[in-house]
Amino acid sequence: MSVREAFSLDEALRSLEGVQLAKVSGRLVRVSGLLLESLGCRRMTGQRCYVEQADGSMLEAQVVGFNRDITYLMPFKKPVGLTAGSRVFPAREEGLLHIDESWLGRVVNGLGEPLDDQGKLSGRNPLPAELPSVNPLRRRPVCEPLDVGVRAINALLTLGKGQRVGLFAGSGVGKSVLLGMITRQTKADVVVVGLIGERGREVQEFLLHSLGPEGLKKAVVVVAPANESPLMRLKATELCHSIAAYFRDQGQDVLLLVDSLTRYAMAQREIALALGEPPATKGYPPSVFGLLPELVESAGNGASTTGSLSALYTVLAEGDDHQDPIVDCARAILDGHIVLSRRLADVGHYPAIDIAASVSRCMSQVSAPEHQGAARQLKELYSSFEKIRELIPLGGYSPGMDAKTDRAVQLAPHIERFLRQEVGVGAELEDCVATLLKLVKRPS
C-alpha cells in the first residue's frame, strides 16, 4: 500500500468517528400539567429536546430539572397528542440566533421566530443565549437626561439614559396608554418592546397605534401572549434584554419596554411550582425573587462610552395593592418608580401619575439644581392641596389660616392643567422645565 493510500484510509477512518451509529432517544413516562417526565434522555438543565407527538411532528422542549433518573421537560408550545412512551430526542445543536440591523422592523416570538410573515430572520453576529451581564465597576453611570415626551415625568421625575424604571398600577388605570405615549415620543435610536403575558388583542393595537409604521422601522417587537407556555414567556422576556444589549453595544441609544414584569414573575412561578418548589410569599417561590434582580441588572448602560440602554417595566399591582411581593421587589431593585393612581383615572385625569408617590432615583444626576428645587416646590404644593381637597366642598377650609396652604389652593388648577396631557400631544424636556419654573414662581 502506498503512502498516499494509507493516508487516505486514515482520513476515512477518522471521519467515521463523527458518524452517529445509533440515534439516542429517551421515552416519555409521565405528563403532569405543564411538566413532562422522561427516562433515558440525559441532558443538562437548560438544554433542549424534541418530543415525538402522535401526528409525527416534533415538540420542542427544554430541560428544567431532574430527579435521579427522571428528566423534567417544559414544552415551548402547546402539546398535540402526547402518548406514554413517546420518544424524546436530544437536540444535536442548540439553536443560536444571529442578529444585525435587519431585525429592525420585525416581530418575533420568544424563540426568535418571525411572526410577521416577512421571511426568515438572519444576521452577522451571534446572539448569546444567556442574559447579558456587565461588571458593575465598568458600567457607565447615568449622567444624561432622557426625554420621554410626558410632561409630568420630564418635569418632576426626570429620567436618565441607562435608568431602569417601573410603571406601577392596577388593571385598567392606563399603563398601556402611557407606555404607548413614551414609545412614540422618546428620543431613541432603537426601541425594543416585549409584550409578555398580555392579551393577544393588544399586540396588533400596540403595533398600529402605539408604534405606528414609522416607529416600527426602528423597533424590534418580541411577543409572548397570555396563551403561550410559561417557558415561552420567560424566553421572550430574556430575548428582549439580549436584543437591547446587542444594539446598546453597537453604540445605539436603546429604549427597552417590557409589559409586564409581573407576567414574567408569574411564568417563573408556574414553572417552579410544577417542579415542586415550595411557595413562599403569596404563592411565589424563592426562585422568582432571585430571577428578577438578574433580569433587571442585565439592562442599563454597558462598559462602552457610547450607547445606552434605558428600560421601562410595567408592574401590575393586583387589587391596587402596592405592597404586593412583586411590586415591593421591583421597587427595591429598580432605579425609580412611577405610580398610576386609580383615583386620578376615575376623575379623567390622564396620565394618572401620582407625583407624590413616584420617584426617580437618578433625577439629581441628570438635572440642574434649579430644576430640582422647582420640582420639590411643586410636589409640596400638590401634597398640601391633596390633604385638604376633601374638606373644601364641606367648608372645612378657611383662607388666611396658613399661607402655604392658601398658595397650594390658588395654584391647584394650574398644577392640574400642567400635569394633564392628551395622548397625541408631545412635550419637550426643555419646554417642560421652563413651564415648571414659571409655575412655581407664579404670584399668588
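A cavity here is a set of points on a 1 Å grid over the protein atoms alone where a 1.4 Å probe fits but cannot get out. Its volume is the space filled by probe spheres set on the points, with grid points joined across faces, edges and corners.

A word on the ground rules. Residues are numbered from 1 along each chain as its sequence is written, and side-chain values use heavy atoms, leaving out hydrogens and water. As the model is predicted, local features need pLDDT of at least 70 and side-chain atom pairs count only at pLDDT 80 or more, while totals for chains, interfaces and linings use all residues.

### The cavities

Searching the whole structure turns up 2 cavities of 30 Å³ or more. Here they are side by side.

| Cavity | Volume | Lining by class |
|---|---|---|
| Second largest cavity | about 40 Å³ | 4 nonpolar, 3 polar, 3 charged residues |

For these classes, Ala, Val, Leu, Ile, Met, Phe, Trp, Tyr, Cys and Pro count as nonpolar, Asp, Glu, Lys and Arg as charged, and the others, Gly among them, as polar. A lining residue has an atom within 4 Å of a point.

Around the largest cavity you'll find Leu-146, Leu-159, Gly-160, Leu-255 and Ser-310, among others. The top contributor is β16, with 3 residues. Strands and helices are DSSP runs numbered from the N terminus: E of at least two residues for strands, H or I of at least four for helices.

The lining of the second largest cavity includes Leu-146, Lys-161, Lys-187, Asp-253, Leu-255 and Ser-310. For this one, the elements giving two or more residues are β15 (253–259) and β16, and β15 gives the most, with 3 residues.

### Helix α5 and what follows it

Helix α5 runs over residues 230–249, 20 residues in total, and reaches 29 Å from its first C-alpha to its last. That is close to the 28 Å expected at 1.5 Å a residue, where the expected span is 1.5 Å times one less than the number of residues. Of its 20 residues, 19 are buried, so α5 is largely enclosed by the rest of the structure. Buried means under 20% relative accessible area, exposed over 50%, and partly exposed in between, using a 1.4 Å probe and protein chains only. Just after α5, Gly-251 takes a positive phi of about 90 degrees.

How many disulfides does the structure hold? The count is 0, a disulfide being a pair of cysteine sulfur atoms within 2.5 Å. Cys-240 is in no disulfide, and its nearest cysteine sulfur, that of Cys-329, sits 19 Å away. Cys-240 is buried, at 0% relative accessible area. Cys-432 is in no disulfide either, with the sulfur of Cys-362 the nearest at 19 Å. With 2% relative accessibility, Cys-432 counts as buried.

### The whole chain

Zooming out, the chain comes to 13 helices and 18 strands, and 51% of its 444 residues are buried. Its C-alpha atoms fill a box of roughly 110 × 50 × 40 Å along the principal axes. An automatic or database domain assignment sets the domain bounds: domain 1 (23–90), domain 2 (103–367) and domain 3 (372–441). Taken over C-alpha atoms, the centres of domain 1 and domain 3 are 60 Å apart.

Definitions and conventions:
On a 1 Å grid over the protein atoms alone, a cavity is a set of points where a 1.4 Å probe fits but cannot get out, and a pocket is an open set with protein on both sides within 12 Å along at least five of seven lines; lining residues have an atom within 4 Å of a point.
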